[in-house]
Amino acid sequence: MPHSQTSAPRDSLAGVRLARGASPWLLPTVATAAVSLLRARRSRRAAAIAVPTTALAAGMLWFFRDPEREIAQGRVISPADGVVQSIMPWKDGRTRVAIFMSPLNVHVNRAPLAGTVTSVEHIPGGFVPAFNKESENNERVVWHFDTELGDIEMVQIAGAVARRIVPYLSQGAKVEQGERIGLIRFGSRVDIYLPEGVDVAVEVGQTTTAGVTRIDRD
């Protein structure tokens, strides 16, 4: 049976479930909106400022949302909400599935399989738009998991706006399938490499949901 995936305590505001790592961006924005709303009755200038600051705070709340998920069954499930951008055979026999995440998607990423984190490597790089082919050289975090299918590689790639990737786990951590493993702030991309012999179940242009959409085929 599918199971509900929980995580360690995370940031929260007014009962809204928020991603861990949201506070440095969210709290100043919400505080500014609150102050401008309080002053809006006494000042036209404050009233004018209150509109965009409140809209920005609402946008931040939406972006940093972190809903609970009923984790699907399957060997490999999607690590990200988004759209399948490309499916590419790799020279070593693996298949890379690239998932583009727009600013409207949930940006908390999840483990595609249960296993052990064998490495988490931060690689400095550029910040071109995540849908651009050159984004492969962007700032990124490369994960490796020891799983029942062997080594699974997953890459979180920062986009033009997303300049901060926040891993939740470190090397040696045990992870359940669908467990939250990290956050990419704003638009970005996640690549997963399927081992040789594992068929892909998704298609280019298909929408995926982290922890829910199955990536491989029996």
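Is Arg 94 buried or exposed, and at what relative accessibility? Arg 94 counts as buried, at 17% relative accessibility; buried means under 20% relative accessible area, exposed over 50%, and partly exposed in between, with a 1.4 Å probe and protein chains only. This is a predicted model, in which local features need pLDDT of at least 70 and side-chain atom pairs count only at pLDDT 80 or more, while totals for chains, interfaces and linings use all residues. Residues are numbered from 1 along each chain as its sequence is written, and side-chain values use heavy atoms, with hydrogens and water left out.

**Salt bridges**

- The structure holds 9 salt bridges, each a side-chain nitrogen of Lys or Arg within 4 Å of a carboxyl oxygen of Asp or Glu.
- Arg 94 meets Asp 92 in one of them, at 2.8 Å from N to O. Asp 92 is partly exposed, at 43% relative accessibility.
- Salt bridges with shared partners join Arg 75, Arg 214, Asp 216 and Asp 218 into one network.
- Within it, the side chains of Asp 216 and Arg 75 meet at 2.7 Å, N to O. Asp 216 sits in strand E17 (residues 216-217) and Arg 75 in the loop between E4 and E5, 141 residues apart. Helices (H or I, at least four residues) and strands (E, at least two) are DSSP runs, numbered from the N terminus.
- Asp 216 is buried at 2% relative accessibility. Arg 75 is partly exposed at 29%.
- Arg 180 pairs with Glu 68 in a salt bridge, with the closest N and O atoms 3.4 Å apart. Arg 180 lies in strand E13 and Glu 68 in the loop between helix H2 (44-63) and strand E4 (69-71), so this pair ties together parts 112 residues apart in sequence.
- Arg 180 is buried, at 3% relative accessibility. Glu 68 is partly exposed, at 30%.

**Strand E13 and its partners**

- Strand E13 (residues 180-184) is mostly covered, with 5 of its 5 residues buried.
- Strand E7 (residues 108-110) runs antiparallel to E13, joined by 3 bridges. Strands pair if DSSP finds at least two bridges between them. Val 108 stands opposite Leu 183 here.
- Strand E11 (residues 165-167) is also antiparallel to E13, again with 3 bridges. Ile 165 has Ile 184 as its bridge partner.

**Nonpolar core**

- The largest nonpolar core has 34 residues. Such a core is a set of buried Ala, Val, Leu, Ile, Met, Phe, Trp, Tyr and Cys residues joined through side-chain atoms within 4.5 Å.
- Val 97, Trp 143, Phe 145, Leu 169, Ile 181 and Leu 194 have the most contacts inside this core. E6, strand E9 (140-147), strand E10 (150-158), E11, E13 and E14 each supply at least two of its residues.
- Leu 169 touches residues including Val 117, Trp 143, Arg 180 and Ile 181, not counting residues up to four places away in sequence. Contact means heavy atoms within 4.5 Å.

**Aromatic pairs**

- There are 2 aromatic pairs. Rings of Phe, Tyr and Trp (its six-membered ring) pair if their centres lie within 6.5 Å; planes under 30 degrees apart count as stacked, over 60 as edge-to-face and the rest as tilted.
- Trp 90 and Tyr 193 are edge-to-face, at 5.4 Å centre to centre and 75° between the planes.
- Trp 90 is partly exposed, with a relative accessible area of 31%. Tyr 193 is buried, at 7%.
- Trp 143 and Phe 145 have ring centres 5.8 Å apart and planes at 5°, so this pair is stacked. Both residues are buried.
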